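Hi,

Here is the structure I said I would pass on.

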Amino acid sequence: MAQQTETGTAAPRGAGVTGRRISARIAAVSPSATLAVDAKAKALQAQGESVVGFGAGEPDFPTPATVVAAAEEACRDPRNHHYSPTAGIAELREAIAVKTRRDSGFEVAASQVLVTNGGKQAVANAFAVLCDPGDEVLVPAPYWTTYPESIALAGGVPVVVPTDAAAGFRVTVGQLEAARTPRTKVLLFVSPSNPTGAVYPMGEIEALGRWAEEHGIWVVTDEIYEHLVYGGAEHHSMPVLVPGLADRCIVVNGVAKTYAMTGWRVGWMIGPADVIAAATNLQSHETSNVANVSQRAALTAVSGDLEAVAMMRAAFDRRRLTIHRMLNEIDGIECLLPEGAFYAFPSVTGLYGRELRGRTCASSAELAELAIEEAGVAVVPGEAFGSPGHFRLSYALGDDDLVEGVNRLARLFGGD
Ligand SMILES: Cc1ncc(COP(=O)(O)O)c(C=O)c1O
């Protein structure tokens, strides 16, 4: 059975007035390139291929035993077998407020915390709550691949502000000011950064925050890598450095990266009361409460000490220095020393035009394809982060695998 569409052509039954099976809004969403690379690597491994995966953005360590034990206990407690408040269990919201004061110095009440299904839902909530159609969000590139998609899904317009290695992949007030229009509503800020590992120094964060405050621009600041900083780098929270911003600031965070808990799906957003009320309302219709057992596990994680993350940080720091040195030894690759998170973001444009295993590549996407097909090395091409010409390599993998993987790249790109 066909029906008439707005253009007068016949549409199949169930295709709505536009004739589309999938809405234009959702059809425009790109799949997550980072998850796709990881899936391809795992599929090859399942076929018995030897693959070194630099794709996944997650610690290779298990969740701390105390956290797992808390979850086991929570499973047996009937209180956790039923719906709980959308905004999160009260003890966890309180513990997150206390942890935030402890770790970043940001003074918040438990009522300003909304527990979410990972930091990812906090990002989606933040833009859904802030963006009206056409509102512009400034997104410094290279950016985490989810930001522009969730801005667009919320009806906002991502306005990409490019940065480069010469500037340490850090955006400046001058660049933001040049990109500002009467429709600019939000600045997306992340430090330490995925995918570059850049960490903004205190003075620069303060300057960016002051600029946003002066122009009445909201800031969504993603602090999920707050504890993963190396060398002399320090994490600073923007609303602490610029207290006047607090009424127009949303902090995104979660347990995934700090406690090796990516699979547990617990994150949170912190914001002013009206924003948290609106986001809670939204979440109540989308996902209701985060799984209670995961929330109890997160409660143990955030209430405890930072010993586990100190151990992981030491390992990541060691691997960071190794990957930085080894990548720079490859002719055609140039890598800035990452200062935070667990990613290296080298330039690979020096490899363009070189004949490698009978192929000549002209983009980082083609080089990434070559790397997985010819060397069994999974990396995410810079195209996924709005910065072609680069690879993102996560160094959250074992030391031996890391060395093996970069050696394979060196052989491939060296013409072996
Ligand atoms: C910058 C950044 N923010 C947020 C997240 C979301 O993490 P999750 O949803 O696992 O808590 C990630 C995960 O990769 C990330 O890299």
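This is a predicted model: local features need pLDDT of at least 70, side-chain atom pairs count only at pLDDT 80 or more; totals for chains, interfaces and linings use all residues.

Below is what I found when I went through it.

Let me start with a pair of helices. Helix α12 (residues 307-328) and helix α14 (residues 399-413) have axes that come within 10 Å and cross at roughly 10°. That angle is under the 35 degrees cut-off, so α12 and α14 count as roughly parallel to each other. On the α12 side, the contact is made by Arg-318, Arg-319, Thr-322, Ile-323, Met-326 and Leu-327. Asp-399, Leu-402, Val-403, Val-406 and Asn-407 are the α14 residues that meet them.

Next, Phe-345. You'll find it in the loop between β11 (343-344) and β12 (355-356). Is Phe-345 buried or exposed? Its relative accessible area is 3%, so it is buried. Once you set aside its neighbours within four places in sequence, Phe-345 still touches quite a list: Pro-142, Phe-169, Pro-195, Thr-196, Cys-335, Gly-382, Phe-385, Ser-387, His-390, Phe-391 and Arg-392. Take Thr-196 from that list: it sits 149 residues from Phe-345 in sequence, yet the two C-alpha atoms are 5.1 Å apart in space.

Last, the surface. Ile-22, Ile-26 and Leu-153 make up a nonpolar patch there, and together they have about 260 Å² of accessible area. Of these, Ile-26 belongs to helix α1 (residues 24-27). With a relative accessible area of 41%, Ile-26 is partly exposed.

Cheers

Conventions. Residues are numbered from 1 along each chain as its sequence is written. Side-chain values use heavy atoms; hydrogens and water are left out. Patches are made of residues with over 30% relative accessible area and no salt bridge: like charges are joined within 9 Å, nonpolar side chains (Val, Leu, Ile, Met, Phe, Trp, Tyr) within 5 Å. Accessible areas come from the Shrake-Rupley method with a 1.4 Å probe; for residues, only the protein chains shown count as cover. A salt bridge is a side-chain nitrogen of Lys or Arg within 4 Å of a carboxyl oxygen of Asp or Glu. Helices (H or I, at least four residues) and strands (E, at least two) are DSSP runs, numbered from the N terminus. Buried means under 20% relative accessible area, exposed over 50%, partly exposed in between (1.4 Å probe, protein chains only). Axes are lines fitted to C-alpha atoms, for helices over the stretch in contact, and angles run from 0 to 180 degrees between N-to-C directions. Angles under 35 degrees count as roughly parallel, over 145 as roughly antiparallel, 65 to 115 as roughly perpendicular and the rest as oblique. Contact means heavy atoms within 4.5 Å.
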